[in-house]
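Keep the viewer open as you read.

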Amino acid sequence: MSVVARQGFKYSIIGYIGFLLGTVSAIFIFPNDFEFYGKLRYILPTAEMLVPFVVLGISYSNVKFFHTVEKDGKKQNMLSLSLLTVFINFLIFTVVFFILPYFYPKFRHSEAWKIKEMILPLILILSFCAIFNKYTSNYKRIVVSNIFDNLFPKIANLGAFCLFFFALSQNITASTSQTIAYVFFFGIFFLMLLGYIYYTNKLEKIQLDFSTDYFKKNNFWKEFFNYSFFGFLGTFGNYLAINSFMIGEFMGMEEVGIYSVLYALISLISIPQLGLFNISAPIINKTLADGDMVELDRFHKKTSLTLYFLGAVLFSCIMVGFPYLTQFMPKNGIMLREYEPVVWIWGSAVLIDLATGFNGNIISLSKYYRFNILVMLLLAGLTIGLNYYFIKNTDLKLIGIALSTAISLTIYNVVKIIFNYIVFKVSPLSIEMIFVSIICTLAITVAIVLPNFDSNLLNLVYKPAVVLILIYVGNYFTKIFPIEDYLNMRFIKSVFKIK
């Protein structure tokens with residue numbers, strides 16, 4: 001089995017472990033206090049939203065130009081200068097952050113300003129991690145980085161939340177309890193950075209080289225930073241971070257907590273996407289360099305169908321099981337049940353995103369990468385504008401946020417599909433996707449109309465099981481997805497090979 005399949009599968013396994021951890025926490029722990037959980041979930045997305053202003057797209061250049069600098073033996077030089085530049089950028093960003101209130105006094109009343117002691121250091125840590133993440137992906141090894149990016153944030157949230165309540169139970173004041181929780185939260189991310197440094201050094205010993213001679217030669221630095229700058233402009237489409245930030249600022253931390261729990265459930269759908277995109281980036285880069293559009297189109301369709309099929313199966317199970325899942329949550333679980341339309345709307349948007357495959361990767365790794373900036377800005381603009389409209393002009397609350405996400409994400413993906421088809425003659429869409437949609441829709445319908453038992457646990461198990469059986473039968477006759485390639489001992493053995 002290829003390294004892509006093996007690494008992608010291992011990546012997904014880590015993702016499922018992280019999802020299990022996040023789901024158990026979301027069901028049995030976090031609903032106890034959406035307010036404090038909302039504070040934790042506000043800090044990380046806000047930091048993630050501001051990280052691009054520090055990284056400035058340099059992490060993407062570490063993938064784009066890796067093979068070039070590798071041939072010249074300057075990999076360590078590129079990594080060293082990237083880390084140094086990020087640190088300098090952070091110092092400049094911090095100065096601007098503290099000067100901003102003098103020009104915009106209302107900023108002092110924002111949640112971001114109130115918890116700046118947590119957000120600013122986290123921005124620096126995540127910025128360094130972004131560089132190491134992209135750099136190590138060039139070695140086609142993404143499993144360890146997924147442990148850092150997927151498991152560590154969940155451990156930070158869960159540990160901090162539990163520490164907060166434990167401290168309160170020991171008659172420690174709420175303020176001190178919160179401080180203890182924040183220290184643990186920050187400590188996990190600091191540990192993540194140390195892990196990245198250790199792992200990168202294990203792949204290839206880090207040898208700091210801050211010489212600028214190589215980058216000055218033939219003005220290579222201009223090409224490097226030009227690509228980085230446009231990569232930076234293309235990072236504004238982080239609609240998840242935008243949503244968390246705007247919900248926290250305009251609705252409150254309790255709504256951020258509810259939103260985050262719903263996201264923890266929906267995120268299961270897109271887990272396979274993340275691993276495949278990271279490991280596929282070097283392959284896309286190579287096919288574009290070779291001009292092999294036929295192979296790129298084949299790989300694009302195959303990958304998109306795989307993502308859509310897996311996502312549709314998981315989405316179908318979530319849909320029929322969600323009403324019964326909320327019955328096992330603490331008393332606040334009823335609030336999640338009221339927001340079931342969010343799961344339907346947001347989950348459908350994620351499915352559409354999966355069906356489009358790695359459209360954005362093709363654009364960002366090609367000479368047309370500037371176009372990616374336009375569509376990212378379009379996504380950011382639509383998300384912010386629609387969020388503001390639904391928040392200020394309707395009473396839909398989180399349902400409005402879900403509608404905003406669905407509309408902006410769909411338009412964003414349609415634009416990229418059209419562009420890639422016109423320019424590269426490649427498309428992620430295939431007739432098989434229609435059959436997948438029909439099979440999953442029928443499976444969901446049958447599961448919903450089946451009688452309910454008095455036991456919520458039984459309903460939670462048997463209805464998703466019916467969905468899986470019906471999809472398997474449908475796929476058996478239509479031969480849409482080669483399940484047998486993944487359900488055999490040869491593939492399973494290859495997954496556990498340590499390479």
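## The cysteines

Let's begin with Cys440, which is buried, with a relative accessible area of 5%. This is a predicted model, and every value here is computed from it. The sulfur of Cys440 has its closest cysteine sulfur in Cys317, 8.8 Å away, and that is too far for a bond. A disulfide would need the two sulfur atoms to lie within 2.5 Å.

How many disulfides does a search of the whole structure find? The search finds zero. Cys317, too, is in no disulfide, and its nearest cysteine sulfur is that of Cys440. Cys317 counts as buried as well, at 16% relative accessibility, because the cut-off for buried is under 20%.

## Salt bridges within helices

The structure holds eight salt bridges.

In helix H7, which covers residues 111-114, the side chains of Lys114 and Glu111 meet in a salt bridge, at 3.8 Å from N to O. That distance falls within the 4 Å limit for a salt bridge. Glu111 counts as partly exposed, at 23% relative accessibility. Helix H15 (residues 271-290) holds both Lys286 and Asp290, four residues apart, again about one turn of the helix. Their side chains form a salt bridge with an N to O distance of 2.9 Å. Lys286 is exposed, at 55% relative accessible area, and Asp290 is exposed too, at 52%.

Helix H16 (residues 293-325) contains Arg298 and Glu295, three residues apart. The closest N and O atoms of this salt bridge are 2.7 Å apart. Arg298 counts as partly exposed, at 42% relative accessibility, and Glu295 is partly exposed, with a relative accessible area of 28%. Elsewhere, salt bridges that share partners join Glu70, Lys75 and Glu204 into one network.

## A nonpolar patch on the surface

Which residues form a nonpolar patch on the surface? They are Leu84, Phe87, Ile88, Leu91, Ile92, Val96, Leu208 and Phe210. Together these residues have about 730 Å² of accessible area.

Phe87 is a handy one to look up, and you will find it in helix H6, residues 75-103. Phe87 is partly exposed, with a relative accessible area of 37%. Membership of a patch calls for over 30% relative accessible area, so Phe87 at 37% passes that cut-off.

## Helix H18 and the residue after it

Helix H18 runs over residues 340-355, which makes 16 residues. From its first C-alpha to its last, H18 reaches 23 Å, close to the 22 Å expected at 1.5 Å a residue.

The buried residues of H18 include Trp346, Gly347 and Asp353. Also among them are Glu340, Val342, Val343, Ala349, Val350, Leu351, Leu354 and Ala355. Just after H18 comes Gly357, which takes a positive phi of about 60 degrees.

Methods. Residues are numbered from 1 along each chain as its sequence is written. This is a predicted model: local features need pLDDT of at least 70, side-chain atom pairs count only at pLDDT 80 or more; totals for chains, interfaces and linings use all residues. Side-chain values use heavy atoms; hydrogens and water are left out. Helices (H or I, at least four residues) and strands (E, at least two) are DSSP runs, numbered from the N terminus. The expected span of a helix is 1.5 Å times one less than its number of residues. Buried means under 20% relative accessible area, exposed over 50%, partly exposed in between (1.4 Å probe, protein chains only). Patches are made of residues with over 30% relative accessible area and no salt bridge: like charges are joined within 9 Å, nonpolar side chains (Val, Leu, Ile, Met, Phe, Trp, Tyr) within 5 Å. Accessible areas come from the Shrake-Rupley method with a 1.4 Å probe; for residues, only the protein chains shown count as cover.
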